[in-house]
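Open the model in your viewer and keep the selection tool at hand. The tour makes two stops.

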Amino acid sequence: MRKLSRRQFAGATGALLQAGIATGQTTGASEMREVFPGVWRLRFGRPEPITPVSTRKYAPAEATASRLPKIETPPFALDSIVSYRSGRGTIVRLPLAPNELIYGLGLQLQSFEQRGRKKKLRVNADPNMDSGDSHAPVPFWVTTSGYGVLIDSARYVTVYCGDKQTKGHEANQPTEFLAEVPVAEGVDIYLFAGPSMRDAVSRYNLFSGGGPLPPKWGLGFWYRCFGQFNQEQVLQMGSQLRDSRIPCDVLGLEPGWQTHAYSCTFVWSDKFPDPRAMLHKLASEHYHVNLWEHAFTYPTSPIYKPLYPVSGDYEVWNGIVPDFLEPEARRIFSDFHEREHVALGVDGYKLDECDNSDFTRNWSFPELSSFPSGADGEQMHCLFGLRYQDTIQSIFERRNQRTLGLVRSSQALAAPYPYVLYSDLYDHREFIRGVANAGFSGLLWCPEVRDAKNAEDLIRRLQTVVFSPLAMVNAWYIQNPPWKQVDRESNNRGKFATGWQKLESQCRDIITWRMRLLPYLYAAYVNYHQTGLPPFRALVMDYPEDPGTRTVDNQYFMGDALLVAPVVAGETQRDVYLPPGDWYDFWTGEKHAGAATLKVSPPLERIPVYVKSGTLLPLSEGGLHADDPANARIHVRSYGPTTGTAILFEDDGEMNSQFTRVELRWQSVRRTGPGAKQPYRVVGWEQSGI
Ligand code: GAL
């Protein structure tokens, strides 16, 4: 337990405390309660009724919490965290140790380690600066001292991560983490014990409900079609990808599928005269279909009228804003979607524009809006993405059907949602950082590929996306696949690059790796579901003791065994930091000692990937889609002298399905004489239900 008493911690900051006392408000938590194994809630003052916790859909995953280390004492003494009310809201102060580093705060694309930074955690569709604006800001952070903190608020919380000192402080005065929650007259703070940062994150994810369980097909390759394609053109794109043997599981339809899209009607346009037949045909070719939409509802939509009384008082693009905190709004919205799309064969959605906009023509509802549930616009911005996901999730839950979708905004307790974040931004380095960062806050991030500056840019981006939570080309503004022409304008004029076939074949090879990794990746997701450990995470989460990992924001782990270090176009060389232990080059098998930085010059066709010693890595033969029998033919690679295990999961793909867990074990055997070439034999092959 961190033993700082309130007196010690407050010390020279008494002026501030007194300010709190002077207004007659709370200065300490009125209670601290263990609400989940290793999770304590501190209540300060009178928390607001609308928060991420109070509006949550998923219950904490109690049943699996036992997988984490038992912790008897909370990370802080009750009196070491203080809070007071000011005219601006509620302020919370937590002690910070001198060298404690801070990670998380949601999808922060422009910075990684947060110590010393100020962030205003505001929902924003176009986060231009490192100010805290984000598609998915989350008032949750973890530190290298091995604990996590959640501020349960649907406000734009401002945090000062250890850079502020009050006047007259003593030289050895501990610094503090300051959080200001606007408006609120009090707040609940949740403390997540470790003992490691990785355990604290897993605990937070289990408290959120555990990671999602995606369908296998969702982990295959996605191709979003040009926004204006009609039914015939979508079918042609499906055939074209199969003919050119580009693996693909999901076809995405962009705005043109609706009669009106900004705002939406959710009604198939005449360009799709027979959606049922199209969906049927695509399903027979093993495609799954994902529909783009946002929630702002246009007057000609059949659900406009019923939704009207359960919507906010301001419009967006002439559409009403459903109040998804109201069960009636969720019911109207989800019933219609189920009947008109999912029952016909649609497998998922891309939930667009559920973030706020301040810079891009300010198209969203204002913070001063009010909603029937009692939420104001600020609270609704914080919760809109989450409650929109709830609405759509309810359809798939009642059908016992799995889905994986895209969403442009999320917030706290997001782990159980099978939704991956994306953005209109396009900086490749930021996209890579997003993969590493999202894992601290129960989020998944897709560094999608659209057009490209040149062939190299396309290849490098595609490599990143194939080694990411969701592998997708989003060709919504280009008519032809980017490998035929990377330039947007020429692409749309149908002018293909000379020798495009070579680029296509390079891209095919890259995408095929996604399929080869499918069994391994699926197991990493099942593990997320069961233990809360994110399938994609920064190096520092697994090696917090190693100072070499602490600022590494351009590498990440995919599952437990693969260290991915993407390359950005224009780079001919990059540094790769390998944590302690031995590592093997994924492509060449070359061994490298860890706790060291390598300078690598990867050829264009290879993204640097390293495999941890002791790994048994199952790789499939790489089919064209998840149902392809080639994916069930597994080759296992063994790395390093020690015996490892490879875990595979099989199930029927339904939401509540039973798993079969297959554990492969290998043992090295020394043989002499003839036949000595085969150094391994299978010693165990176990199959069990879990
Ligand atoms: C954007 C979205 C893009 C694409 C586009 C279609 O808001 O981020 O991915 O879907 O809308 O108009």
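Predicted model: local features only at pLDDT ≥ 70, side-chain atom pairs only at ≥ 80, totals over all residues.

**Stop 1: helix H4**

Select residues 231–243. This is H4, with 13 residues. From first C-alpha to last, H4 reaches 18 Å, close to the 18 Å expected at 1.5 Å a residue.

Now colour the buried positions of H4: Gln-231, Val-234, Leu-235, Met-237, Gly-238, Leu-241 and Arg-242. Look down the axis of H4. The buried residues fall within an arc of 155°, so they line one face of the helix.

What do the buried residues of H4 pack against? Show strand E12 (221–224), strand E13 (250–253) and helix H5 (275–284); these are the packing partners.

Next, check the two ends. At the start of H4, select Asn-230 and Glu-232: a side-chain oxygen of Asn-230 comes to within 3.1 Å of the backbone nitrogen of Glu-232. After H4 comes Arg-245, with a positive phi near 55°.

**Stop 2: Asp-553**

Jump to Asp-553. Asp-553 sits in the loop between helix H14 (539–542) and strand E20 (556–558).

Is Asp-553 buried or exposed? Its relative accessibility is 19%, so Asp-553 counts as buried; the cut-off for buried is under 20%.

The side chains of Asp-553 and Arg-433 make a polar contact at 2.7 Å. Then widen the view. Setting aside neighbours within four places in sequence, Asp-553 is in contact with Phe-112, Ile-432, Arg-433 and Ala-436.

Terms used
Residues numbered from 1 in each chain as written. Heavy atoms only, no water. Helix = DSSP H or I, 4+ residues; strand = E, 2+ residues; numbered from the N terminus. Expected span 1.5 Å × (residues − 1). Buried < 20%, exposed > 50% of the residue type's maximum accessible area, 1.4 Å probe, protein only. Arc of directions from axis to C-beta. Contact = heavy atoms within 4.5 Å. Polar contact = N/O pair within 3.5 Å; in protein donor to acceptor, adjacent residues only side chain to side chain.
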